Amino acid sequence: MKYILDDNLLSSLSGVTDYLTTEISTSKQKKFSLVTFVDTPGLVDGDMKYPFDVNKSILWLGDLADLIFVFFDPIGQALCKRTLNLVEELNHKHADRIRFYLSKADEAGHESDRQRVMMQIVQELCKRPGLNRTGFDMPTIYVPNMNSKGSRCANQIEEVCKDIEKTINQTIQTTLNSLEKDCDQIAELVEDKLEKDSVTASVNLRAKFRGALFGFIGMLLPLILLATYLVSTKSEVVKVLGEDILATMSLYLGPLARAWQKVPAQYSQYVIIGIVGVALIMLLIAKFASSTKPTLSRKQKKSLLEVRDYVQNTVKSKKQKLYQEYLKQSVADHDL
């Protein structure tokens, strides 16, 4: 089996990196520079033990791959139980990514022999419910060489290359579309954050107003109590305030002063305590009512606006340019 996937580290799987080798090709033919092939070990039945968890490694790679190629060798036919179990599990999760091929088809003998091999492979696959699907296709492929020039076997390896190129184009387009979508999402998140901050600021303003109102009432009651007391005891304050001020206070606070005078002397202390208590309650209410939530500073707002403008005007506008650069990297110099 071979996988086509983006570069990923296998260090999370114990023992795999000790048996990992890499080869780099500088070719740009058929978008080769945009492809990473991972050739996994062949699986055999019996007591064969691998130095790492090969099943887990292949399944992990299958979750990351864009395409999963399953190559059936016409000689060994790769029909061992271990291989088919793994292919069935991969097909269950990634049926749209799996492609089946008869590799080394030019070594399968005559056309009748090749058809017999393919029928045997298909029969084994169809025995498994997870692999028995409609529209099953298994093209024949082989690498052309001097010995296969006279082979009458149809070589569909070009179809494989086209499938790879199609997947690359789709992946690039999906990635660039995601870039545009992510830019819009970032802008929406910034606007949403700024809008919430504006709402919070309005709530804080109303809270401060309520706190100031309750605080004013809490401070006003003791002052009214003091002024009323002064008015009700004219003989003691007239020398301090003067007759004109006392007359003015009597005009506005006269009713309260008369009400105060009607309070029996033995209850006046309780009335004072009650008024002072109400004032304290008002001040406590003012304290809690004026509590505010944290808001963004002017610097933070400016930073968010700069991020929004950057992703919308700079990053988002590079989508087409990046797409052209990807295409340029994927063609050979003589094709330019």
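The following exercises, with worked solutions, concern a predicted model.

Residues are numbered from 1 along each chain as its sequence is written. Local features need pLDDT of at least 70 and side-chain atom pairs count only at pLDDT 80 or more, while totals for chains, interfaces and linings use all residues.

**Exercise 1.** Determine how the axes of α1 and α2 are oriented to each other.

*Solution.* Two packed helices are described by the angle between their axes and the distance between the axes. Helix α1 spans residues 54-64 and helix α2 residues 81-94. Their axes come within 11 Å and cross at roughly 25 degrees. Angles under 35 degrees count as roughly parallel; α1 and α2 are therefore roughly parallel to each other.

**Exercise 2.** Identify the residues through which α1 and α2 meet, and classify them.

*Solution.* Contact means heavy atoms within 4.5 Å.

**Exercise 3.** Describe the chain over residues 270-289.

*Solution.* The unreviewed UniProt entry annotates residues 212-231 and 270-289 as "transmembrane region". Over residues 270-289 the model is 100% helix and 0% strand, with the end C-alpha atoms 28 Å apart.

**Exercise 4.** State the confidence of the model and locate stretches with pLDDT under 50.

*Solution.* pLDDT is the predictor's confidence in each residue, from 0 to 100. The protein has a mean pLDDT of 77, and 77% of its residues reach 70 or more. Values stay under 50 over residues 1-8. Residues 332-336 likewise have pLDDT below 50.

Methods. Side-chain values use heavy atoms; hydrogens and water are left out. Axes are lines fitted to C-alpha atoms, for helices over the stretch in contact, and angles run from 0 to 180 degrees between N-to-C directions. Helices (H or I, at least four residues) and strands (E, at least two) are DSSP runs, numbered from the N terminus. Angles under 35 degrees count as roughly parallel, over 145 as roughly antiparallel, 65 to 115 as roughly perpendicular and the rest as oblique. Ala, Val, Leu, Ile, Met, Phe, Trp, Tyr, Cys and Pro count as nonpolar, Asp, Glu, Lys and Arg as charged, and the others, Gly among them, as polar. UniProt positions are given in the numbering used here, feature names are shortened, and annotations may be inferred rather than shown by experiment.
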